[in-house]
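Subject: Structure for you to look at

Hello,

Here is the structure I promised to pass on. Please open it next to this email and follow along.

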Amino acid sequence: MLSALPAQTNPDLLVGFETSDDAGIYRIADNQALVQTIDFFTPLVDDPFTFGQIAATNALSDVYAMGGRPLTALAVVCFPQDADLGILEHIMRGGLAKMSEASCTVVGGHSVRDAEMKFGYAITGLIDPARVYTNAGAVSGDRLILTKPIGTGVITTALKQRKSEPGWVDQAILSMTTLNSTASALARACPGVHAMTDITGFGLMGHGREMALGSGVKLEIDTARVPVIEGARDAVRTGAIPGGLLSNREFAECLVEDSPQIHIPEDLRALLYDPQTSGGLLISVASKDASELLASLRNAGLPAAMIGRVSGPYTAGAGEPAIILR
């Protein structure tokens, strides 16, 4: 639908909605630009404070994925008219705690009455126009690093279906409430980083597809090295499949191909399409810098893994895969 809208020609709009990037970039000076994003959703967990933390961490992630520094936030609230306002207070306290951790100031927001509760933030940050990381910068020969494990979608679905184990949920919450600030800062300090995106609603394959198409390259994913949250494969086997996972497969699987003689267990294959909330960063980095960046991420306590490489070129419409699973 967006492709049908008139093109915007403002030269200061450096990144708009045309390229499926994580946030918009608008230049305000030769060496400074705004980075802006918005994200909100329905509750994923039972505890209001934790839900607020997750919503804030997720909204901030898009700024970090572009290489920016968040400054201010506006809360977006949809709340039932007759619900207990104490619940909303705890949600906003959780969000504010994460915003404070990120040194991002909540300056206001907007609320509406809605039968279905929703919460999130619009974030504004600053970024150097010369150091913007988009989906379109990956280079053949790069290595791919993922900074968080996947599986939040199936685990939170298992929680809603009362099929989850407490340990699974605890690990998913830990992942969803970990800011991508450290990972982003370490990536910005690495001269070999060419592209970056965060893995959220489209899953690893959906966001990988965007990077491949945007950069005109192919991604080769070593499925055995993709980090997975404890219990995620068990959740898939219980049938805890979110609707978004099925939509992601329908959207992206046509451009994904297995390498010869590879056997990928179906539970792991499903997780490659699992919609993530507040997922990690997928970083495309020059081969010569990849091991050092990975070591830096792990030394910072992040469960990062090198999950593949970039090859190419990829030509859209030529009938070839954009992602090869190994």
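Below is what was found, part by part.

One caution comes before the rest: this is a predicted model.

**The six-stranded sheet**

Start with the open sheet. Six strands form it, in the order S1-S2-S3-S6-S4-S5. The pairing is mixed. Strand S1 (13-15) and strand S5 (105-113) are the edge strands, and each pairs on one side only. From one strand to the next, the twist averages 25°.

Now look inside the sheet. Strand S2 (residues 24-29) pairs with S3 in the antiparallel sense, over five bridges. Find Gly-24 there: Gln-36 in S3 stands opposite.

Two helices lie across these strands. H1 lies across S1, S2, S3, strand S4 (69-79) and strand S6 (118-127). The angle between H1 and S3 is about 145°. Helix H2 (residues 85-101) lies across S4, S5 and S6. H2 runs at about 20° to S6.

**Aromatic rings**

How many aromatic pairs does the count come to? The count is four. One of them is Phe-41 with Phe-51. Their ring centres are 6.0 Å apart, with 55° between the planes. An angle over 60 degrees would count as edge-to-face and one under 30 as stacked, so this pair is tilted. Phe-41 sits in strand S3 (residues 32-41), and Phe-51 sits in helix H1 (residues 48-66). The pair therefore ties together parts that are ten residues apart in sequence. Both Phe-41 and Phe-51 are buried. They also belong to one aromatic cluster, together with Phe-119 and Tyr-121.

**Helix H6**

Next, go to helix H6 (residues 203-215).

Is H6 largely enclosed or open? Eleven of its 13 residues are buried, so the rest of the structure largely encloses H6. Among the buried ones are Gly-203, Met-205, His-207, Arg-209 and Ser-215.

**Strand S12 and its partners**

Strand S12 (residues 305-311) is also worth a look. Six of its seven residues are buried, so S12 is largely enclosed by the rest of the structure. Strand S7 (residues 143-146) pairs with S12 in the antiparallel sense, over four bridges. Strand S9 (residues 218-221) runs antiparallel to S12 as well, and four bridges join S9 and S12. Pick out Gly-308 in S12. Gly-308 is the bridge partner of Leu-144. Ile-221 also stands opposite Gly-308.

**The nonpolar cores**

In soluble globular proteins, nonpolar side chains tend to be buried together. In this model, the largest nonpolar core has 76 residues. Which residues have the most contacts inside it? They are Tyr-121, Ile-123, Met-205, Ile-221 and Ile-307. H1 gives the largest share of this core, with nine residues.

Take Met-205 as an example. Leaving out residues up to four places away in sequence, Met-205 touches Ile-221, Ala-252, Val-256, Leu-272, Tyr-273, Ile-323 and Leu-325.

There is also a second, separate core of 18 residues. It includes Tyr-133, Ile-145, Ala-183 and Met-196.

Best wishes

Note on methods: Residues are numbered from 1 along each chain as its sequence is written. This is a predicted model: local features need pLDDT of at least 70, side-chain atom pairs count only at pLDDT 80 or more; totals for chains, interfaces and linings use all residues. Side-chain values use heavy atoms; hydrogens and water are left out. Buried means under 20% relative accessible area, exposed over 50%, partly exposed in between (1.4 Å probe, protein chains only). Rings of Phe, Tyr and Trp (its six-membered ring) pair if their centres lie within 6.5 Å; planes under 30 degrees apart count as stacked, over 60 as edge-to-face and the rest as tilted. Two strands pair if DSSP finds at least two bridges between them. Axes are lines fitted to C-alpha atoms, for helices over the stretch in contact, and angles run from 0 to 180 degrees between N-to-C directions. Contact means heavy atoms within 4.5 Å. A nonpolar core is a set of buried Ala, Val, Leu, Ile, Met, Phe, Trp, Tyr and Cys residues joined through side-chain atoms within 4.5 Å.
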